[in-house]
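Here is a short note to read beside the model. Please keep the structure open as you go through the points.

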Amino acid sequence: MDALVAQLQMQYRNYTVSLYQQGFLDDQFTELKKLQDDASPDFVAEVLSLFFEDCVKLIGNMARALDQTGTVDFSQVGASVHQLKGSSSSVGAKRVKGLCITFKEYCEANNYEGCVRCLQQVDIEFKALQTKLQDMFNLEKQIIQAGGKVPQVDIN
Amino acid sequence: MGMAAAESQFHVLAVDDSSLDRKLIERLLQKSSCQVTTVDSGYKALEFLGLGQGIESNDPNALSTSPQEVEVNLIITDYCMPGMTGYDLLKIVKESSAFKNIPVVIMSSENVPARISRCLEEGAEEFFLKPVRPADLNKLKPHMMKTKLKHQKLEEIEEPLNVVAAAASVEPEIKDPTEVGIKILTLQSELEPKQVHLQVVQQEEQTLSNNKRKSMEEGLSTDRSRPRFECITTAV
């Protein structure tokens with residue numbers, strides 16, 4: 001039983017570190033984890049849930065704004081990008097945030113092709129992050145089910 | 001921090017249109033031992049304070065809380081919000097006779113020096129860049145202590161004997177500078193309570209002006225060559 005826990009914990013550590021190394025997450029995610037405790041045991045999951053809801057809603061707004069047969073209102077697209085940039089920054093979703101910065105520049109330049117490309121990328125990226133984090137949470141569950149504690153992972 | 005009784009906890013009113021950011025700031029403040037009320041707009045913030053009645057008196061959903069019922073020690077608000085921005089809220093609060101002494105802190109995801117100095121000039125105590133960190137909240141304690149002590153002064157002048165009794169049994173132990181105010185109260189039990197409070201308030205005002213200078217320096221030493229971003233108010 002202990003060997004299994006140790007193995008799962010190592011897997012979990014390696015997986016978490018890789019998420020940071022590959023740029024999916026930044027130190028704001030670490031801050032989120034610090035805010036989770038016995039008083040608020042599901043805090044990280046709850047915040048991420050709000051983030052992914054935001055992604056779906058805002059990307060929907062952007063798609064609609066870019067889908068105008070007449071002239072595209074780039075400030076409307078930009079407003080949603082601004083909100084998504086804020087949310088991604090708040091949870092430490094580094095790649096999504098980076099894409100939003102580029103996306104915002106295309107909006108300000110009224111660059112339609114650039115915006116459409118960014119929209120596609122941001123959609124792919126948030127879904128990839130969602131999958132990665134789901135895998136991470138599943139590892140946490142497995143550790144707990146095996147009778148172990150989820151280790152605190154030190155990045156750097 | 002860790003103030004014992006619920007009545008002596010700091011109460012912060014947090015304003016942000018993003019539910020994610022509201023959740024975040026709420027948790028940060030709770031971890032800092034603050035009582036938190038969150039609202040999603042400047043209008044709701046004013047309603048909560050009791051200023052809403054003048055602006056939206058026809059609104060059947062307006063809160064009927066009177067200003068005296070709810071003590072707010074600090075308002076922390078996002079800058080970029082649809083309708084009423086954080087700056088608009090700041091102005092209204094600072095121009096109201098009832099609430100101008102409540103410290104207001106602005107948060108923003110955009111690092112715009114002109115925006116920062118405009119807010120500080122209008123009376124904001126601090127300007128935080130998002131995402132807000134626990135270290136930022138440590139700067140808030142001196143500001144909240146100021147309004148807290150003013151209320152305590154009114155209560156304790158009526159019951160000076162309690163202060164003396166408490167001082168006799170409490171062992172002074174200064175853990176961090178922000179608790180100095182409370183410790184002075186217990187150390188100087190021989191003085192008239194009124195004199196003690198005056199000294200404490202002066203100390204807090206000194207710390208306050210130091211912090212204000214610091215945040216202005218921090219706020220203005222930013223990259224001025226970055227393009228200005230005008231706050232986009234979303235059409236809802």
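1. The contact (heavy atoms within 4.5 Å) takes 18 residues from chain B and 27 residues from chain A. In chain B, Leu20(B), Lys23(B) and Arg27(B) lose the most area to chain A, together 32% of what that side buries.

2. This is a predicted model, where local features need pLDDT of at least 70, side-chain atom pairs count only at pLDDT 80 or more, and totals for chains, interfaces and linings use all residues. Residues are numbered from 1 along each chain as its sequence is written, chains are lettered from A, and side-chain values use heavy atoms, without hydrogens and water.

3. About 1900 Å² is buried between chain B and chain A. That is the accessible area (1.4 Å probe) lost by two parts on being put together, summed over both. Carbon and sulfur atoms give 61% of this area.

4. Seven salt bridges are counted between chain B and chain A. The rule asks for a side-chain nitrogen of Lys or Arg within 4 Å of a carboxyl oxygen of Asp or Glu. One salt bridge joins the side chains of Arg27(B) and Asp37(A), at 3.4 Å, N to O. Helix α1 (residues 19-31) of chain B gives the largest share of the side that touches chain A, eight residues. Helices here are DSSP runs (H or I, at least four residues), numbered from the N terminus.

5. Now chain B itself. Of its 236 residues, 47% count as buried, meaning under 20% relative accessible area (1.4 Å probe, protein chains only). Chain B has 10 helices and five strands, the strands being DSSP runs of E with at least two residues.

How values were computed
Buried means under 20% relative accessible area, exposed over 50%, partly exposed in between (1.4 Å probe, protein chains only).
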